[in-house]
Amino acid sequence: MGEVTNVTEYQAIAKEKLPKMVYDYYASGAEDQWTLAENQNAFSRILFRPRILIDVSKIDMTTTILGFKISMPIMIAPTAMQKMAHPEGEYATARAASAANTIMTLSSWATSSVEEVASTGPGIRFFQLYVYKDRKVVEQLVRRAEKAGFKAIALTVDTPRLGRRESDIKNRFTLPPNLTLKNFEGLDLGKMDEANDSGLASYVAGQIDRTLSWKDVKWLQTITSMPILVKGVLTAEDARIAVQSGAAGIIVSNHGARQLDYVPSTIMALEEVVKGAQGRVPVFLDGGVRRGTDVFKALALGASGIFIGRPVVFSLAAEGEAGVRKVLQMLRDEFELTMALSGCRSLSEITRNHISTEWDAPKALPSARL
């Protein structure tokens with residue numbers, strides 16, 4: 001294996017290293033997987049309008065997210081069951097995020113508990129929440145996360161049922177016997193039964209609350225002082241309601257194209273959601289980011305930051321903590337270079353005028369002299 005020079009190269013390495021059931025679980029999308037491809041492809045239809053002859057000897061990528069200062073607008077999305085990728089799982093991811101001075105989001109379905117992740121040392125961490133039918137379980141979990149020093153809740157709202165992931169059905173996906181969903185271990189909800197199809201789909205059908213609605217976003221605010229990010233918004237209408245419901249932020253996400261196929265890529269849905277939020281809360285993008293150029297495009301379209309998911313589990317499978325550190329470093333370096341070559345010295349200088357998209361009105365150019 002030659003030196004890894006970009007984020008995408010980790011996927012092939014992970015495919016070689018991981019058992020088929022595990023790799024397929026991480027890699028696959030819903031049904032035809034159209035949105036899965038589109039999440040990445042859509043970025044390629046956005047072009048740059050770089051500005052030249054600007055002193056770019058100093059580039060500042062720092063930003064503040066919900067009051068927390070981080071080194072760059074690149075953060076870690078929640079991905080389930082990371083110990084399937086590497087024995088250190090979420091511990092390694094937490095240490096890599098902390099070393100890069102950025103935010104990690106821990107999945108509800110992590111193979112390490114909120115307390116275990118907190119024990120890795122200091123760091124700004126968010127907790128992704130699935131709402132179980134048993135609300136006592138939810139309250140307990142939220143309180144544990146808060147006590148463990150987590151700073152925000154990322155409430156996943158696009159999963160009243162699990163999307164149809166055909167490779168998981170073919171593989172009869174289930175959590176390997178040596179692992180548990182650590183946050184639920186003491187509640188007898190940590191194990192996943194074998195099923196005729198996807199064990200995870202059966203688990204979700206049995207445990208996750210399909211009645212979840214906007215009133216539950218309000219309810220969550222009564223049980224925690226942590227800010228709530230609504231993760232899984234794809235329309236301006238829902239962005240407006242999220243703001244009205246007291247959300248502290250919005251994550252534009254299609255769940256890594258794993259839920260409803262033929263929804264737009266997140267980069268294509270982003271601008272509509274940003275307009276719907278009307279600047280009242282920050283909007284983040286999750287899905288399809290594989291290059292520093294992608295990060296810049298998301299910020300130019302109004303995102304306050306982005307989250308990466310699959311690159312984390314693939315690099316974790318390939319090289320453990322060092323792999324995740326490298327992914328964060330490569331994206332950081334590429335993003336810094338994109339800023340410099342676009343003529344932007346700070347995030348506030350990245351504007352909509354730095355990109356052009358297919359749906360832009362033709363720019364009025366100075367008319368040529370005959």
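**Inside the protein**

I began with the largest cavity, which holds about 410 Å³ of space. My search ran on a 1 Å grid over the protein atoms alone, where a cavity is a set of points that a 1.4 Å probe fits but cannot leave, and lining residues have an atom within 4 Å of a point. Volume here is the space filled by probe spheres set on the points, with grid points joined across faces, edges and corners. I noted that 29 residues line this cavity, and that P78, T79, H255, G256 and R258 sit closest to its centre.

This is a predicted model, so I kept the limits in mind: local features need pLDDT of at least 70, side-chain atom pairs count only at pLDDT 80 or more, and totals for chains, interfaces and linings use all residues. Residues are numbered from 1 along each chain as its sequence is written, and side-chain values use heavy atoms, with hydrogens and water left out.

Which element gives the most to the lining of the largest cavity? I found α13, with 3 residues. Helices (H or I, at least four residues) and strands (E, at least two) are DSSP runs, numbered from the N terminus. By class, I logged 13 nonpolar, 10 polar and 6 charged residues in that lining. (Ala, Val, Leu, Ile, Met, Phe, Trp, Tyr, Cys and Pro count as nonpolar, Asp, Glu, Lys and Arg as charged, and the others, Gly among them, as polar.)

**The second cavity**

I then checked the second largest cavity, at about 50 Å³. V7, T8, Y10, Q11, R290, R310, P311 and F314 line it. Here too α13 gives the most, with 3 residues.

**Two helices**

Next I looked up α10 (236–244) and α11 (266–277), which pack at about 35° with axes 7 Å apart. Axes are lines fitted to C-alpha atoms, for helices over the stretch in contact, and angles run from 0 to 180 degrees between N-to-C directions. From α10, I listed A236, E237, A239, R240 and V243 in the contact (heavy atoms within 4.5 Å), and from α11, E272, V273, G276 and A277.

Key: On a 1 Å grid over the protein atoms alone, a cavity is a set of points where a 1.4 Å probe fits but cannot get out, and a pocket is an open set with protein on both sides within 12 Å along at least five of seven lines; lining residues have an atom within 4 Å of a point.
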